[in-house]
Amino acid sequence: MHRTEFFQSITRTWTGLGILGLLLLISPVATASDPAIRVLIIDGQNNHDWRKTTPILKSCLEKSARFQVDVITSPEGGKSAEDWAEFRPVFANYGAVLSNYNGQPWPEAVQKSLEKYVANGGGLVIVHAANNAFPDWSEYNKMIGLGWRGADYGARLTLAQDGKVVRTEKNQGPGAGHGSQHEFPVVTRDVNHPVMAGIPAEWLHVQDELYHGQRGPAANLNILATAFSAKSTSGTEEHEPMVWWIPYSKGKVFTTLLGHGDYSMKCVGFQTIVARGTEWVATGTVTVPVPKTFPTAIKTSSIEAAN
Ligand code: ZN
């Protein structure tokens with residue numbers, strides 16, 4: 001190749017790469033070539049069977065090429081400060097952190113590190129009993145908004161039939177609880193939210209606990225879905241929040257109260273919402289599709305039946 005031609009060729013190549021880069025930058029949707037979102041699942045203590053449920057949460061994310069998942073397991077309960085000294089998750093390495101943890105308080109350094117991570121734009125996902133954890137950690141309570149706490153802890157939120165949020169102040173009404181496990185309909189309350197777009201207005205969830213009377217600062221909640229807690233299953237006769245998100249400085253915290261047992265987590269509805277919520281808190285967009293096997297208003301769907 002002549003020298004001038006060589007330089008022209010190089011220039012063309014760089015221009016081509018530049019245009020390609022620009023196209024990638026302005027591309028509004030994620031593509032298969034997008035790097036996977038790194039997710040960190042935290043477990044190690046829970047009054048639920050985390051050894052059984054963490055693998056389900058992991059596979060629920062990893063069945064989409066969108067995610068690459070690591071798991072960090074805390075020391076067991078009752079371990080010394082020395083054991084805890086090794087538990088130092090590096091949150092900043094991840095697009096999202098998913099808590100399957102409900103146990104003793106983390107060391108203060110880990111608490112501060114999570115606060116900083118979310119405040120700087122990180123994504124946090126809270127699944128079921130993870131909202132039971134850390135009643136004395138005030139920033140955590142702001143992140144989750146509502147937790148499994150007594151009526152004397154803070155306010156409670158329910159939804160009226162028309163979707164209006166009803167606030168019940170502390171010491172009024174029931175504290176945290178749940179009736180007997182059963183299948184129940186989940187009602188979409190924000191059809192325009194990217195996580196909920198394309199999800200049916202109402203869909204039947206598999207057997208699970210239906211949490212009621214959750215308490216906390218109850219500030220800045222964006223309620224995405226509710227479930228009616230019927231008296232016939234020892235509930236409150238109210239529409240209880242099931243799925244919501246809260247902005248925390250530059251970050252987002254996404255909570256689902258669904259997911260008591262491994263069988264509950266095998267619901268295609270649960271899995272879809274967890275995957276889409278995780279993608280959304282990490283990137284602000286949702287590309288994980290709503291599968292054809294998604295439950296309907298009258299029919300549950302779990303991964304075993306769907307596969
Ligand atoms: Zn439970």
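The protein has eight helices and 13 strands, counted as DSSP runs (H or I of at least four residues for helices, E of at least two for strands) and numbered from the N terminus. This is a predicted model, so local features need pLDDT of at least 70 and side-chain atom pairs count only at pLDDT 80 or more, while totals for chains, interfaces and linings use all residues. Residues are numbered from 1 along each chain as its sequence is written, and side-chain values use heavy atoms, with hydrogens and water left out.

**Overall picture**

- Of the 307 residues, 51% count as buried; buried here is under 20% relative accessible area, exposed is over 50%, and partly exposed lies in between (1.4 Å probe, protein chains only).
- Among contacts with a separation of 6 or more, 69% come from residues 24 or more positions apart, a contact being heavy atoms within 4.5 Å.
- The accessible surface is about 14,300 Å², and carbon and sulfur atoms hold 54% of it (Shrake-Rupley method, 1.4 Å probe; for residues, only the protein chains shown count as cover).

**The zinc site**

- His48 (NE2), His128 (NE2), Glu209 (OE) and His260 (ND1) coordinate the zinc ion at 2.0 to 2.1 Å.
- Donors are N, O and S atoms within 2.8 Å of the metal (3.2 Å for Na, K and Ca), and water is not among the atoms, so sites may look incomplete.
- The angles among the four donor atoms run from 92 to 161°, and the site is irregular.
- For reference, four donors are tetrahedral if all angles lie between 85 and 135 degrees; four are square planar and six octahedral if opposite donors are over 155 degrees apart and all others between 65 and 115; anything else is irregular.
- Along the sequence, the donor residues follow the spacing H-x79-H-x80-E-x50-H.
- His128 lies in the loop between S4 and helix H5 (138–144) and is buried, with a relative accessible area of 1%.
- His128 also has a positive phi of about 45°, although it is not a glycine.

**Around strand S3**

- S3 (residues 96–99) runs parallel to S1 (residues 37–43), joined by four bridges; strands pair if DSSP finds at least two bridges between them.
- Leu40 is opposite Val97 in this pairing.
- S3 also pairs with S4 (residues 123–127), again parallel and over four bridges, with Ala96 opposite Gly123.
- From S3 the chain passes through helix H4 (residues 108–119) to S4 in a right-handed β-α-β crossover, meaning the path from the first strand over the helix to the second runs clockwise with the strands pointing away from the viewer.
- Ala96 and Leu98 point one way from S3, Val97 and Ser99 the other, and all are buried.

**Around strand S12**

- Nine of the 11 residues of S12 (residues 238–248) are buried, so the rest of the structure largely encloses this strand.
- S11 (residues 222–229) is antiparallel to S12 over seven bridges, and Phe228 has His239 as its bridge partner.
- Ser234, in the loop between S11 and S12, has a positive phi near 65° without being a glycine.
- S12 and S13 (residues 251–256) are antiparallel over six bridges, with Ile246 partnered by Val253.
- The hairpin of S12 and S13 has two residues between the strands, and Ser249 takes a positive phi near 50° there.
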